Amino acid sequence: MTRPDDPKPEEPAALRYGFGANWQRYLARCFSPERLEIARDHMLRFLRRRDLAGLSFIDIGCGSGLHSAAARMAGAGPLLSFDYDPDSVAATGRVRDAVTGGGAGASADGWDIRRGSILDAGFCAGLGRFDIVYAWGVLHHTGDQWTALRNAASLVAGGGLLYVALYAEEAHLDPPPAYWLEVKRRYNRAGPLGRAVMEAGYVWTHMLGRRPANLLKLPGMARDYRRSRGMDLHTDVRDWLGGWPMEFSSIPAVVRFAAAELGLDLVGLASGEANAEYLFTPRAAPAPGYPPLPFRDPHPVMVRLDDPAALRGWPPVHIFGTAAGAAVLLRAFDEAGIAVAGFVDPTEGAGESMLHGRPVLPFGRFAAQAARDAPVVLSNRFVFENGRRLVEAGFTRVFDAHALVRRLAAVRRSV
Ligand SMILES: C[S@@+](CC[C@H](N)C(=O)[O-])C[C@H]1O[C@@H](n2cnc3c(N)ncnc32)[C@H](O)[C@@H]1O
């Protein structure tokens with residue numbers, strides 16, 4: 001875990017992971033129009049936009065090039081992609097050729113690809129400013145994520161947005177960050193056979209829960225994995241075990257640093273997965289239609305719920321959310337004998353309805369009538385945004401069940 005004022009980690013050059021080679025393998029095996037659409041939809045959903053027409057876009061640490069292509073597909077332009085690793089640069093070039101037809105027209109088409117480092121302030125100074133600055137899963141792999149974040153922020157145009165994803169300390173409680181850092185050191189020192197053994201061990205322990213019966217479901221899990229930003233399970237396992245240098249940061253530390261040091265307001269946040277996604281806009285010249293989130297410091301504490309049975313003896317619970325995670329939670333509570341009073345629909349303008357035989361109340365109605373000590377369990381990954389709404393409305397028993405939902409969903413898929 002690092003804080004902005006920590007001493008800079010030593011650059012472990014010998015252990016540096018070859019991300020680009022992994023991305024080349026991904027392209028050879030997995031790149032498809034379907035994955036491109038999934039990547040585009042994920043990006044647009046978080047940006048809360050229908051398209052990116054007329055917006056300049058920079059993809060920092062472009063990796064496979066899939067997300068640059070997704071931005072292009074959403075209408076972004078001009079587009080600039082860069083990466084430190086020459087193999088990632090080459091991979092992105094191949095993707096550009098695939099989606100633009102290749103040839104001289106590709107760069108004339110307004111999509112430039114370069115090699116460079118986000119830690120190189122001189123390089124960054126020559127890039128210009130962009131409406132959307134995108135750095136997904138990159139800054140924490142540079143060796144100095146706070147300088148990288150500062151340099152990324154310098155690329156945001158007035159009225160623009162900074163979309164970053166960083167490994168969240170909060171999502172790595174068990175095993176903790178220190179465990180994973182040691183695993184990565186071992187993986188990068190290992191030869192091809194040792195790495196293959198570690199990859200298999202990771203899948204067996206952390207994805208299959210060491211249950212032989214789950215092996216049969218592995219192909220289905222791998223197939224479904226594309227829904228995660230168009231990515232691929234094996235590529236991500238290698239990236240996760242190898243990805244070095246590597247830092248973790250807490251969500252409040254990032255938000256505080258962005259506000260105090262970079263003059264950025266938080267306007268979007270999705271957490272609960274390994275990477276927390278942040279959307280920032282310059283306070284001095286904000287993007288229209290992106291009001292700042294009222295992020296409180298210290299951040300409201302939500303209790304993480306790892307076992308549905310922990311709520312035995314409590315008043316009936318409300319499940320916050322109405323999507324797939326809510327159904328998974330309802331089943332878990334039913335199985336544990338915990339009474340569920342109903343669901344809360346966080347969507348603006350939602351009406352009352354029924355779901356799985358329980359009432360669904362829109363958030364406003366729920367906040368107007370529910371007792372403030374009613375237990376509310378968050379089922380989706382917008383844990384911090386929704387948790388904050390509840391805490392600010394005065395609810396005192398707010399539970400974050402996102403990790404539980406993910407675990408139950410994975411087990412359900414694999415048993
Ligand atoms: C985990 S991959 C993420 C790739 C892509 N953004 C995505 O979302 O799939 C991290 C990428 O960051 C690149 N990278 C690492 N250090 C960098 C730096 N200092 N400047 C630019 N890119 C860097 C790596 O080469 C790698 O391609």
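Helices H8 and H11 are roughly perpendicular to each other (65 to 115 degrees), since their axes, which are lines fitted to C-alpha atoms over the stretch in contact, cross at roughly 100° and come within 7 Å. This is a predicted model, in which local features need pLDDT of at least 70 and side-chain atom pairs count only at pLDDT 80 or more, while totals for chains, interfaces and linings use all residues. Residues are numbered from 1 along each chain as its sequence is written, and side-chain values use heavy atoms, with hydrogens and water left out.

**Helix H8 and its partners**
- In the contact with H11 (heavy atoms within 4.5 Å), Trp180, Val183, Lys184, Tyr187 and Asn188 of H8 meet Arg238, Asp239, Trp240, Leu241 and Gly242 of H11.
- Helix H8 (residues 177–189) packs on helix H9 (residues 192–207) at an angle of about 150°, with the axes 9 Å apart, which makes H8 roughly antiparallel (over 145 degrees) to H9.
- From H8, the residues Tyr179, Trp180, Val183, Arg186, Tyr187 and Asn188 meet Arg195, Met198, Glu199, Tyr202 and His206 in H9.

**The sheet**
- Seven strands form an open sheet with mixed pairing, in the order E8-E14-E13-E9-E10-E12-E11, where two strands pair if DSSP finds at least two bridges between them.
- The edge strands, each pairing on one side only, are E8 (303–304) and E11 (353–355).
- Strands E9 (residues 317–320) and E10 (residues 340–345) run parallel and are joined by four bridges, with Ile319 standing opposite Phe343 in E10.

**Helices on the sheet**
- Helix H13 (residues 324–336) lies across E9, E10, E12 and E13, running at about 160° to E9.
- Helix H15 (residues 383–392) touches E9, E13 and E14, and its direction makes about 160° with that of E13.

How values were computed. Axes fitted to C-alpha atoms, helices over the stretch in contact; angles between N-to-C directions. Helix = DSSP H or I, 4+ residues; strand = E, 2+ residues; numbered from the N terminus. Parallel < 35°, antiparallel > 145°, perpendicular 65-115°, else oblique.
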